[in-house]
Structures are given as C-alpha cells and as structure tokens.
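Please keep the sequence and the structure in view while reading.

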Amino acid sequence: SIKFVCLRECSAVLGGDQSNFASPLSKGGSRWCWIRPCSLCLFDCCDPRRFEPHLFSMTTIRQAIEKYEEKTGDDAGEAKNVMLCGQMPPIAKMDGNLGKLVSCEHLAISSNNIERIAGLKMLKRLKSLSLGRNQIKRLDGLEDVAGTLEQLWLSYNFIEKLLGIEKMKAVKTLYLSNNMISSWNEVSRLAELPCLEELLLQGNPICDVPHYRLQVAGICPSLHKLDSAPVIEEEKQKGRNFLLASQMVVRFGNLAGAFRKMDTNSDGSLSLAEIEGGIRDYGFAFEEDELTAFLSHADTDKDGKVQYEELISNFEGLTTDMKVPGSPLAGAR
C-alpha cells in the first residue's frame, strides 16, 4: 500500500535521506510523492489540500459511495451516517450522485480535493456536513440544505468570503478555523444566524485584530462558545457595548466628541432619550433593549443618566484602533 505525503517535511525529518520514497510525481522535483508507509508518515505531514489533480484520475462521488457500501455492507440510500473522507486518490468534485444519500443526516467528505460545494439538493434530511481540509473558496451550494443543516465544518480550506452563510438559519455549530477570512464585512454576516451557538474562527487573519473576541461576541447574540472557550452573558453585553462605542469613535473621532453631540441640553450627562436620539440621528443600528442595556451597564451610579466619566471608565482601553464590522472607516481618527 502507499500513502500520499509531503516529501519536503518527511525528508527534512529523515535528514535528507529519501531512500524510502518513490519517484516524484512530476519532473522538476515535485514536493509530493507516494511513499511506502513508515512510522514517520503516520503523523501530520500529509496535506491533501496540495494534491496535484492533473497527475491522477480523481475518485468520483459515485466511486466513493461504492467503496463505502463495499466497506460497510450498508445501502448508502438508507444510511444516516456516510463517511467519504480521505479518498485516495481524493475526490475533486461534488456532484449529483450525492442525491443517492436520501436518508443521510450526517455526511463527511473531509480531507479530499474539493473546490466547490454542489450536489446537495436531494439531501432533505441532512443535519451535519463536514468538508474540512479541502480547497473550498466559496459557500455557493449550501443553500440547498439551509433548512435542515445544524452543524457545518469547513476548517482548513481557502475561504475568504462568507457570502451565503446568512441563509443558514438553522446552523448551531460552525467551524471555520484556518481559512483566509480577514474582513469584518464577512464576519458581520454571522449576525444573521439566529441559532449559532458554537463558532470556531481561530487561525484566520481576522483573529489578530484588536478586540476580536469582544466584537464577535457582540455580533452573535446566541453564541455560547467561541474558539473552544465559553462566551458568558457579561461578555456578550460588553461586546455589544463595544460595538456601539467603536461606531461612535469612527463617526465622531473619539468618545468625547460623541458625548458632546448627544448631550443636547449640555448638562454634562446623557439620559436614555438623549442616547437613543443621538444614536438614531446618526444611523447606528441598535434596538431599544440594546440601548437600555447599554445605559444600565454604563450608568455605574444608577442615577438614570450617564456621566462622561462613567462613559470613559466603562470603555477604558478602547482606542481609535477599533475595527467596526462592515465599516470602511474602521481605524479612522
């Protein structure tokens, strides 16, 4: 038997000894080759995402399903859990042959070479879909299972845009770690997922942005866990407050400027009516209950108004390096 591995990684560990390796797959020194199994290659140097599809005939969905039936003895059309992971050669294309899996509730096609999501239209019962460790860049094709899908695993792909994720209203668990998401315009789409409870984004460029965790907690009201760590209610409230304060900074340059604009009677404090009026006048999209919560959190002496000192103390540490979801002015002074 043979295994698909990274020639560079294995040879580096072997001190440059490539005596166990078969010939490279392409002239000019391909980084990838087939190797007879050895203890070294039972670890994590294998990466199907870099498979060179032009060198082999890929496994089709039909062939993968046939292999599954042969291995398990099950009728794929009646199976609730179908595993098509790590095919060798890998699957390169999802297609209509997935329509055979009419009873499937849990489908795993991870660790292949898939670039586009397709062929899910007939999977009317699908609850979980695993497509991690492929070459997916876009979410087109998921809309066919938007009504039933509750768990979606897409880690270790090449996803930059989340266009279409807002259609997945039933999703509770979403794994997107180790992709290429770098824009708050994309992350802000997650606000449209009312059932989202668990989210994994670690390993994306967006995670390096200051106050990343606070902003995500503020965006996703139903979130219970972010990057494997619990999200408590206080963190959600701080996140929502942070989003409001950061938008004020982007609009007015700093919190002092925002305070002065909203303090219409110039008494040095902000009532709920002044906060609500100022926020509405300047186009900040916050509901009444969110504004009430903001006032309650910022009003530390509980006199029904927010003093400037209270506003500043509540947002101590927030600077003009704030990144506001969906705002092209993020970071402006």
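A charge is said to sit over a ring if NZ of Lys or CZ of Arg is within 6 Å of the ring centre and within 35 degrees of the ring normal. In this model, which is predicted, the charged end of R133 meets that description: it sits over the ring of Y156, 3.9 Å from the ring's centre.

The wider setting may be given next. The secondary structure of the protein comes to 9 helices and 12 strands. Of the 333 residues in the protein, 46% are buried. Among the contacts with a separation of 6 or more, 49% are accounted for by residues 24 or more positions apart.

An open sheet is formed by 8 strands, and their order is β3-β4-β5-β6-β7-β8-β9-β10. The pairing within this sheet is mixed. Strands β3 (81-83) and β10 (229-230) each have a single partner strand and stand at the edges, so one side of each is left without a neighbour in the sheet. Strand β5, residues 128-130, runs parallel to β6 and is joined to it by 3 bridges. Within this pairing, S128 stands opposite Q151 of β6.

Strand β6 also takes part in an aromatic contact. A search of the whole structure finds 1 aromatic pair. The ring centres of W153 and Y175 are 6.1 Å apart and the ring planes stand at 85 degrees; because planes over 60 degrees apart count as edge-to-face, the pair belongs to that class. W153 lies in strand β6 (residues 151-153) and Y175 in strand β7 (residues 173-175), so the pair ties together parts that are 22 residues apart in sequence. W153 is partly exposed, with a relative accessible area of 26%. Y175 counts as partly exposed as well, at 22% relative accessibility.

The peptide bond from M88 to P89 is cis, and its omega is near -5 degrees. P89 is found in the loop between β3 and β4 (106-108). In the loop between β4 and β5 lies S111, a residue other than glycine whose phi is positive, near 55 degrees. The relative accessible area of S111 is 22%, and this residue is partly exposed. N178 is not a glycine either, yet has a positive phi of about 55 degrees. The place of N178 is in the loop between β7 and α3 (184-187), where N178 is partly exposed with a relative accessible area of 26%.

The helices complete the picture. Two packed helices are described by the angle between their axes and the distance between the axes. Helix α4 (residues 212-219) packs against helix α5 (residues 233-252) at an angle of about 95 degrees, with the axes 7 Å apart. Since angles of 65 to 115 degrees count as roughly perpendicular, α4 and α5 are therefore roughly perpendicular to each other. On the side of α4 the contact is made by R213, L214, Q215, A217, G218 and I219. On the side of α5 the contact is made by E235, K236, K238, G239, R240, F242 and L243.

Helix α6 (residues 255-262) has 6 of its 8 residues buried, so this helix is largely enclosed by the rest of the structure. The buried residues of α6 are L255, A256, G257, A258, F259 and M262.

Conventions: Residues are numbered from 1 along each chain as its sequence is written. This is a predicted model: local features need pLDDT of at least 70, side-chain atom pairs count only at pLDDT 80 or more; totals for chains, interfaces and linings use all residues. Side-chain values use heavy atoms; hydrogens and water are left out. Rings of Phe, Tyr and Trp (its six-membered ring) pair if their centres lie within 6.5 Å; planes under 30 degrees apart count as stacked, over 60 as edge-to-face and the rest as tilted. Helices (H or I, at least four residues) and strands (E, at least two) are DSSP runs, numbered from the N terminus. Buried means under 20% relative accessible area, exposed over 50%, partly exposed in between (1.4 Å probe, protein chains only). Two strands pair if DSSP finds at least two bridges between them. Axes are lines fitted to C-alpha atoms, for helices over the stretch in contact, and angles run from 0 to 180 degrees between N-to-C directions. Angles under 35 degrees count as roughly parallel, over 145 as roughly antiparallel, 65 to 115 as roughly perpendicular and the rest as oblique. Contact means heavy atoms within 4.5 Å.
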